[in-house]
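Have the structure open while you read.

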Amino acid sequence: MKLRFRMAENQQLHINVFYEDDHMWATVDEFPGVFATGDNYDELRDSLAEGIALVLERDNGERPAVSIAPWEIEPAETKASAELVYA
């Protein structure tokens, strides 16, 4: 079963970033099940965008173009926030 999402043009995301064995991984509160890895923030953002596009895939298999704007890191925690931007 596929879920349908109707999204605003831009959406605020809450990204949970973790460091483990010199690698990063992240989850997105707004998209349960999206999991991404990367060796740096750029790779991690690209991986998150790909994971979100998979979740938003349409019934015909078409995936929306998704990009994640540079995020603002909250210094007290390992969380970041970003805005989802449809390309």
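How exposed is Phe 18: buried, partly exposed or exposed?

1. Phe 18 comes out as partly exposed, since its relative accessible area is 31%. Keep in mind that this is a predicted model.

2. Now for the rings. The count comes to two aromatic pairs. In one of them, the ring centres of Phe 18 and Trp 25 are 4.3 Å apart and the planes sit at 20°, so this pair is stacked. Trp 25 is partly exposed too, because its relative accessibility is 25%.

3. Trp 25 also pairs with Phe 35, but here the geometry is tilted, with 5.4 Å from centre to centre and 35° between the planes. That pair links distant parts of the chain: Trp 25 belongs to strand E2 and Phe 35 to strand E3 (residues 35-38), 10 residues apart. Put together, ring pairs join Phe 18, Trp 25 and Phe 35 into a cluster.

4. On to the inside. The largest nonpolar core has 21 residues, and those with the most contacts within it are Ile 15, Phe 31, Leu 44, Leu 48, Ile 52, Val 66 and Leu 84. At least two core residues come from each of E1, strand E2 (23-28), helix H1 (41-55), strand E4 (66-68) and strand E6 (79-86). H1 gives the largest share, five residues.

5. Asn 16 counts as buried because its relative accessibility is 9%, under the 20% cut-off. What does its side chain contact? The partner is the side chain of Asp 29, in a polar contact at 2.6 Å.

Notes
Residues are numbered from 1 along each chain as its sequence is written. This is a predicted model: local features need pLDDT of at least 70, side-chain atom pairs count only at pLDDT 80 or more; totals for chains, interfaces and linings use all residues. Side-chain values use heavy atoms; hydrogens and water are left out. Buried means under 20% relative accessible area, exposed over 50%, partly exposed in between (1.4 Å probe, protein chains only). A polar contact is a pair of N or O atoms within 3.5 Å; within protein, one must be able to donate a hydrogen and the other to accept it, and residues adjacent in sequence count only if both atoms are side-chain atoms. A nonpolar core is a set of buried Ala, Val, Leu, Ile, Met, Phe, Trp, Tyr and Cys residues joined through side-chain atoms within 4.5 Å. Helices (H or I, at least four residues) and strands (E, at least two) are DSSP runs, numbered from the N terminus. Rings of Phe, Tyr and Trp (its six-membered ring) pair if their centres lie within 6.5 Å; planes under 30 degrees apart count as stacked, over 60 as edge-to-face and the rest as tilted.
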